[in-house]
Amino acid sequence: NCPVCREPLSIRDLKPPARLVRNLIGELKISCPNAEFGCQSIQMVQLINSHINECSVAPVYCPFPGCQFHDGGTKTLPRKDLTSHSESCEFRLVVCQSGCNAELPQNMLQEHESVCPAFKVQCDNNGGCGTTIAREDML
C-alpha cells in the first residue's frame, strides 16, 4: 500500500529512485552482514557487495564431499581458514603415488594401497626372493 494515500500498489506501480536518492543511499555506511561472525568492517552501501565477496570471516564450505564443513552440512568455517583447511582436509583429493594415478580422498589412500595394482610388494613365492615389483606383475 502507498504510505501516503493507503491505496494498493503493485510492483508495476513502483519506479526506480532518482539518481540523487540512489547516490545518497549508496554513500550510507553499514556494518558487514558477517558482523555476527566477528567482522568489524563498516562499508558504504555501494561497496558492501565487494567486501562481502572478500570478507575473511564470511562462512564458507569445504569443497570436499564427506567433510563436516562440506556444503549441505551444518558447519562452516571462516573464509580465511579455507586454504589451510583444504590443504589438510582428510577428504581432499590426492593422486596415488604408486603409479596407478587413481584420484581418491586422502583418508582412503591407505586402504587403496592394499589393492592398488601398481603398489610395490616383495615377492613371497617359495619363501620369497625379496624382489620388489608391482602387485599387478605378481603371478
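The model is predicted, so local features need pLDDT of at least 70 and side-chain atom pairs count only at pLDDT 80 or more, while totals for chains, interfaces and linings use all residues. Residues are numbered from 1 along each chain as its sequence is written, and side-chain values use heavy atoms, with hydrogens and water left out.

The protein chain has four helices and eight strands (DSSP runs numbered from the N terminus, helices being H or I of at least four residues and strands E of at least two), and from the N terminus on these elements run α-β-β-α-β-β-α-β-β-α-β-β. With a radius of gyration of 29 Å, well over the 14 Å that the globule rule gives for 139 residues, the chain is more spread out than a compact globule; the radius is taken over C-alpha atoms, and the rule is 2.2 Å times the number of residues to the power 0.38. The C-alpha atoms fill a box of roughly 100 × 35 × 25 Å along the principal axes.

Leu9 counts as partly exposed because its relative accessibility is 43%, where buried means under 20%, exposed over 50%, and partly exposed in between (1.4 Å probe, protein chains only). Arg6, also found in the segment before α1, has a positive phi near 65 degrees although the residue is not a glycine.
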